[in-house]
Amino acid sequence: YPKTEWIKSVHEKLKLTYAQIRRVYELELLRNVDASDTVMYKKFRLFIKRALWNTFADVLETFSPEDKKVKLSELYADAEEEYRKILKRLVREDTLTCRFNLD
């Protein structure tokens with residue numbers, strides 16, 4: 001994730017929660033990842049899975065090791081699908097040109 005100072009600045013100036021900041025950051029990563037670059041895409045996928053694991057660790061710990069992998073893969077697929085829908089909607093509404101001005 002971006003440097004802590006930047007996150008704090010966004011949180012204070014834009015009044016976004018840390019979860020919202022994380023989500024916007026992950027959307028931006030997906031928007032810029034080249035799916036045909038297997039190494040880049042794998043890094044992105046593992047980054048998102050790590051975030052999902054941190055979010056749902058309490059629930060995932062109740063599953064068997066194999067079921068954990070399956071559930072984490074399902075969570076990732078759901079998250080990526082949702083992010084792609086959001087990105088398509090933003091492109092359609094022509095709102096992706098927006099940038100944060102924190103000055």
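From the N terminus on, the elements of the protein run α-α-α-α. This is a predicted model, in which local features need pLDDT of at least 70 and side-chain atom pairs count only at pLDDT 80 or more, while totals for chains, interfaces and linings use all residues. Residues are numbered from 1 along each chain as its sequence is written, and side-chain values use heavy atoms, with hydrogens and water left out.

**View 1. The whole protein, to get your bearings.** You will find four helices and zero strands here; helices (H or I, at least four residues) and strands (E, at least two) are DSSP runs, numbered from the N terminus. Of the 103 residues, 27% are buried, where buried means under 20% relative accessible area, exposed means over 50%, and partly exposed lies in between (1.4 Å probe, protein chains only). Among contacts with a separation of 6 or more, 50% join residues 24 or more positions apart, a contact being heavy atoms within 4.5 Å.

View 2. Helix α1 spans residues 4-14, and Ile-7, Ser-9 and Val-10 are buried in it. They sit on the same side of α1 because they cover an arc of only 160° around the axis, taken from the directions from the helix axis to the C-beta atoms. The buried residues of α1 pack against α2. Look to the other side of α1 for Glu-5 and Glu-12, which are exposed.

View 3. Lys-15 follows α1 and is found in the loop between α1 and α2. Its phi is positive, about 60°, although Lys-15 is not a glycine. For context, most residues other than glycine have a negative phi. With a relative accessible area of 68%, Lys-15 is exposed.

**View 4. Leu-52 and its neighbours.** Leu-52 is found in helix α3 and is buried, with a relative accessible area of 11%. Not counting residues up to four places away in sequence, Leu-52 touches Leu-72, Leu-75, Tyr-76 and Ala-79. The C-alpha atoms of Leu-52 and Ala-79 are separated by 9.0 Å, and these two residues are 27 residues apart along the chain.

**View 5. The second largest pocket.** About 240 Å³ of space lies in this pocket. On a 1 Å grid over the protein atoms alone, a pocket is an open set of points where a 1.4 Å probe fits, with protein on both sides within 12 Å along at least five of seven lines; lining residues have an atom within 4 Å of a point. Grid points are joined across faces, edges and corners, and the volume is the space filled by probe spheres set on the points. The lining has 14 residues, and Arg-22, Leu-52, Phe-56, Ala-79 and Tyr-83 lie nearest the centre. The elements that give two or more residues to this lining are α2 (18-32), α3 (38-60) and α4 (65-92).

**View 6. Lys-88 in α4.** Lys-88 is found in helix α4 and counts as exposed, at 60% relative accessibility. The C-alpha atoms of Lys-88 and Arg-31 are separated by 10.0 Å, with the two residues 57 residues apart along the chain.
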